[in-house]
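Morning, everyone. Please bring up the model on your screens, and we will walk through it together.

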Amino acid sequence: MRFNNSTPIYLQVIDKLKADIISGRIGLGQKMPSTRDLAQELGINPNTASRIYKEMESQGLCFKKRGLGTFITESDKMVQKIKIDMADQLTADFVEGMKKLGFSSEAMVDLMIKKVNYSETEEAENESSC
Amino acid sequence: MKAVVELNNVSKTYFKKVALNQITLNFAKGKIYGLLGPNGSGKTTLMKIVAGLHKHTSGSVLVDDQPISYKSKAMVVFMPTENYLYPSMKVKTVLQYFRDMYQDFSIAKASGLLEKLELNAENKVSELSTGLNGRLKVALAVSRAAPVYLFDEPLNGLDPISRKIVRNLIAEAAGDNNAVIVSSHLVSELEPILDRAILLKDGSVALNEGAEEIRIQKGKSVEELYEEVYRS
C-alpha cells in the first residue's frame, strides 16, 4: 500500500479496509491479522497499526475477542452504513471539486449522467467483444 | 512511559566547532524515533554519545537511569553508517564473530534472517552489493536484544527494494521493551514507520513531534515540514 504522507496514515488504512469490507474482499466476521502483522504487511509503525484497530473498534467496524484477536463486524447493517458514508463522502468531494471549477449544479448533474451512460455503454461493448 | 534515554542540556564541541548545542531529549520504550536533519546537523554525534563512543562536553546523558559507562554500552545497539565489517570475512563468520562479541546476540535469529534477506552465508562481505551489505548490517543489529537501538543512516545508498526491507526490519524489531532511534535525511522513505520526528538543525532541536499528529494537525507530511524548517 502506498501512502500519502500528508494525511494521517491510520485514516488511510481504515478507508482501505472499509473499501475492502464493502467489496467483500474482507468477509464479515473475518479474523484480522495481529497489529504486528498488519504493521509488517503495510510497512507502517506498530503503534499506528494498533491505533487503526482501536479506531475501527470504536466505530463498530471490528471487535476484539479476548485472547483470539480482532474480528470484522458480523453486522450487515454496519456494512450498509459505511457504504452509504463512503458514497456520501465521494459525492461531497466531487461536488466541492466541481464547484471550484465553476460548474453550476445543472451542468454538474448533466456531466454526471453523461459519464454514467458512457461507462455503461463501454461496459456493454467490452462484454460483447469478449 | 518512562524514558530509557534522557539527554539534559547536552552540548558537544570539537575544538571550536559546536556540534550539539544544549540538547534536551527523552526517548521512551515502545516508540520509533526519526532523528532527521541534513548532513552536519548533529545526528551522528548525538548517536555516538548515547552509544558511548564520544564524550559530551557538558550536560547529562542517562541510559536506563545510569550515566554512560561500559554498562550502558551493553544496553545500546549502535549500527554505524560506515561499512565496518571486515571485507575478507564470510557472512557466516561475521555471525560467529557477533556471537562472540555480544552476549545478547542471537545467532539463530540472524541465520533465520539471512535467508529472508537473500543473503548467502558463504559469501564474503567484500562480495556483497551495497544493498546486501546494508541488509546484513541491519540484520546483525536487530539480532541483538537490547533496550535501545540506534541506526545511523540505514537507508543511505541503498536501492529501493533494500530500503523497504531495511525499513520493515527496523519496524519489526521495535517493541514495548525498546526504544528505536533512526537517523536519516530520506524523510519520505522513513516516515511511515515513525512515532515521532525529531528535527536537528545546526546542533539544536528544531522540532520534536508525533508523526501522525503532524499529519492530523498541520495536514502536512513530515517531509514537507522538514523542508520548511531547513529552508528558513
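Let's start with one pair of residues. In strand β5 of chain B, Gln66(B) is the bridge partner of Val63(B). Keep in mind that this is a predicted model.

Now widen the view around that pair. β4(B) and β5(B) run antiparallel and pair over two bridges. β5(B) covers residues 66-67. Together the two strands make a hairpin, with two residues between them. Look at Asp64(B) in that turn: its phi is positive, about 50 degrees.

Next, the other neighbour of β4(B). That is β1(B), residues 3-14. Five bridges join β1(B) to β4(B), residues 58-63, and the two run antiparallel. For one example, find Ser11(B): its bridge partner in β4(B) is Ser58(B).

Stay with β1(B). Eight bridges join it to β2(B), again antiparallel. Here you can find Ala3(B) opposite Ala28(B), which sits in β2(B).

So what is the order of the strands in this open sheet? It reads β2-β1-β4-β5, four strands of chain B, with antiparallel pairing. The edges are β2(B) and β5(B), and each of these pairs on one side only. As background, strands of a sheet pair through backbone hydrogen bonds, either parallel or antiparallel.

Gln22(B) lies in β2(B), residues 17-28. Its phi is positive, about 50 degrees, although Gln22(B) is not a glycine.

On to a helix of chain B. Is α1(B) largely enclosed or largely open? Seven of its eight residues are buried, so α1(B), residues 43-50, is largely enclosed by the rest of the structure. The buried set holds Leu46(B), Met47(B), Ile49(B) and Val50(B), and also Lys43(B), Thr45(B) and Lys48(B). Just after the helix comes Gly52(B), with a positive phi of about 80 degrees.

You will find it in the loop between α4(B), residues 107-116, and α5(B), residues 130-142. Glu118(B) also has a positive phi, about 60 degrees, and it is not a glycine. Is this residue buried or exposed? It counts as exposed, because its relative accessibility is 65% and the cut-off for exposed is over 50%.

Last topic: the two chains together. How many residues does each chain bring to the contact? Chain A gives 15 residues and chain B gives 24 residues. The area buried between them is about 1,500 Å². Carbon and sulfur atoms give 40% of that area.

What about specific links? Between chain A and chain B there is one salt bridge. It joins the side chains of Arg51(A) and Glu213(B), at 3.5 Å from N to O.

Which helices of chain A supply at least two residues each to the side that touches chain B? They are α1(A), residues 9-23, α2(A), residues 35-42, and α3(A), residues 46-58. The largest share, four residues, comes from α3(A). By class, this side of chain A has five nonpolar, eight polar and two charged residues.

Then turn to the contact and find Arg51(A) with Glu213(B). Thank you.

Definitions and conventions:
Residues numbered from 1 in each chain as written. Chains lettered and ligands numbered in written order. Predicted model: local features only at pLDDT ≥ 70, side-chain atom pairs only at ≥ 80, totals over all residues. Heavy atoms only, no water. Contact = heavy atoms within 4.5 Å. Buried area = accessible area lost by both parts, 1.4 Å probe. Salt bridge = Lys/Arg side-chain N within 4 Å of Asp/Glu carboxyl O. Nonpolar A, V, L, I, M, F, W, Y, C, P; charged D, E, K, R; others polar. Buried < 20%, exposed > 50% of the residue type's maximum accessible area, 1.4 Å probe, protein only. Pairing = 2+ DSSP bridges.
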